[in-house]
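I opened this model to note how the chain is put together. The entries below follow the order in which I looked things up.

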Amino acid sequence: MKKSHLVLFLLPLALLPAVTGCFMPRIQMNITVNPNATAMLATAVNLENVQEGVREFYQKHHRLPATLADVKKLYDAWKPGRKRAKWDEVIKDGWGSPILYEQTGATTYRLTSFGCDRAPGGEDEAKDIHANIDVTESKPGSK
């Protein structure tokens, strides 16, 4: 190989670090995630999954379940092949406490998470999260 050809071959390799940024200073970023915000998001997702399970139970049995345990078998078998969280995880809020289910009427029920303090009541980030649902109303986001 001629020297001129060797220079033409090696020149791009010599420039590669500069082009790819290997000589660029590294930027380090510190990102802080609010654990309560993450837990609240997980709780919202789980509340929606519980609502979906209760809605499916109601459509199949024409009644609300007595407890969330009644929904488990249907939930585990519902829509096979669909990747989803296990029921035992779905019925917990983002802080790991059970989501409470209370039937309030023939077609209505309430789901409750006690929030980060895991106790009834609370203020600000520790306030309870409630969802009052009527299974005869259309599914959220659909019309």
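**Elements.** I counted four helices and three strands in the protein chain, taking helices (H or I, at least four residues) and strands (E, at least two) as DSSP runs numbered from the N terminus. The elements run α-α-α-α-β-β-β from the N terminus on.

**Ground rules.** The model is predicted, so local features need pLDDT of at least 70 and side-chain atom pairs count only at pLDDT 80 or more, while totals for chains, interfaces and linings use all residues. Residues are numbered from 1 along each chain as its sequence is written, and side-chain values use heavy atoms, with hydrogens and water left out.

**Whole chain.** I noted that 27% of the 143 residues count as buried; buried means under 20% relative accessible area, exposed over 50%, and partly exposed in between (1.4 Å probe, protein chains only). Among contacts (heavy atoms within 4.5 Å) with a separation of 6 or more, 44% join residues 24 or more positions apart.

I found three strands in an open sheet, in the order 1-2-3, with antiparallel pairing. Strand 1 and strand 3 (129–134) are the edge strands, and each pairs on one side only. From one strand to the next the twist averages 20 degrees. For angles, axes are lines fitted to C-alpha atoms, for helices over the stretch in contact, and values run from 0 to 180 degrees between N-to-C directions.

I then looked at the pairing of strand 1 (residues 100–103) with strand 2 (residues 108–113), which is antiparallel over four bridges. Two strands count as paired if DSSP finds at least two bridges between them. A hairpin of four residues joins strand 1 to strand 2. Opposite leucine 111 of strand 2 I found tyrosine 101, and opposite threonine 112 of strand 2, leucine 100. Helix 2 (residues 35–61) packs on the sheet and touches strand 1, strand 2 and strand 3; its direction makes about 155 degrees with that of strand 2.

**Helix 2 and helix 3.** How do the axes of helix 2 and helix 3 cross? They come within 9 Å and cross at roughly 90 degrees. Helix 2 and helix 3 are therefore roughly perpendicular to each other; the classes are under 35 degrees for roughly parallel, over 145 for roughly antiparallel, 65 to 115 for roughly perpendicular, and oblique for the rest. I listed Asn49, Gly53, Val54, Glu56, Phe57 and Lys60 on the helix 2 side, and Asp70, Val71, Leu74 and Tyr75 on the helix 3 side.

Leaving aside neighbours within four places in sequence, valine 54 is in contact with Leu64, Pro65, Leu68, Val71, Tyr101, Tyr109 and Val135.

**Alanine 126.** Is alanine 126 buried or exposed? Alanine 126 lies in the loop between strand 2 and strand 3 and is buried, with a relative accessible area of 16%. Not counting residues up to four places away in sequence, alanine 126 touches Phe114, Cys116, Asp117 and Gly121. I noted 5.2 Å between the C-alpha atoms of alanine 126 and cysteine 116, which are 10 residues apart along the chain.
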